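Hi,

Here's the structure I promised to pass on.

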Amino acid sequence: MMRRLLQPIWVLLAIIFLVEAWLWDHLEPIVAWFVALIPLRAFKQWLAERVDTLSPAMTLIVFIVPVIPLFPLKLVGLWLLTHEYWMSAVLTIIFAKFLGVGVAAFIFDVTRDKLLEMDWFETLYEFVLGLRAKARALVDPIKSKILDALRGDGSSWSSRTLRLIQRFRKSVHEAR
């Protein structure tokens, strides 16, 4: 009973997690393009050389610190939201989200090997990858049903329901 009640919450959390993973996967090439566009490639090489000289624990600091300056940007979005500047707030929060994920993907690409030298981080990394696989397994059947319904597949529950509603409306209309 409890499991059935919690199922929508787990699905929602899985969707949020997969959106984050999707952003990570799709922003990494955009960041790579941006790196190629401006002289960030040289910065990335310089950073990689510096990271190679650091201990894994110090590399963790290099991974975490660049995200901290983005926090005030999210607070600005929240302030805009509380003062009812809806469009500005949404755009600021989305920009902060994309920028944060993009920066994290860029820095993680540089620091991944050093971070994975720490056993606890490797365990956490594998756990997150496993969680991602479980989230995908939870959401994929739902996604398939939605896509089937959008395609108008005659065997889906939604299509049958829509046909039933149409027949009911037609019978009500004819009864008048």
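**How helix 5 packs**

Helix 3 and helix 5 pack at an angle of about 175 degrees, with axes 9 Å apart (axes are lines fitted to C-alpha atoms, for helices over the stretch in contact, and angles run from 0 to 180 degrees between N-to-C directions; helices are DSSP runs of H or I, at least four residues, numbered from the N terminus). That makes the pair roughly antiparallel, the label for angles over 145 degrees. On the helix 3 side, Pro56, Thr59, Leu60, Val62 and Phe63 meet a helix 5 set that includes Ala104, Ile107 and Phe108; contact means heavy atoms within 4.5 Å.

This is a predicted model: local features need pLDDT of at least 70, side-chain atom pairs count only at pLDDT 80 or more, and totals for chains, interfaces and linings use all residues. Residues are numbered from 1 along each chain as its sequence is written, and side-chain values use heavy atoms, leaving out hydrogens and water.

Helix 4 (residues 71–82) also comes up against helix 5 (residues 86–115): their axes come within 8 Å and cross at roughly 160 degrees. Those two are roughly antiparallel as well. Among the residues making the contact are Leu73 and Val76 of helix 4, plus Trp86 and Phe95 of helix 5.

Then there's the largest nonpolar core, with 11 residues, including Leu47, Phe63, Phe106 and Met118. Such a core is a set of buried (under 20% relative accessible area, 1.4 Å probe, protein chains only) Ala, Val, Leu, Ile, Met, Phe, Trp, Tyr and Cys residues joined through side-chain atoms within 4.5 Å. Helix 5 gives the most to this core, 5 residues.

Cheers

Note on methods. Parallel < 35°, antiparallel > 145°, perpendicular 65-115°, else oblique. Buried < 20%, exposed > 50% of the residue type's maximum accessible area, 1.4 Å probe, protein only.
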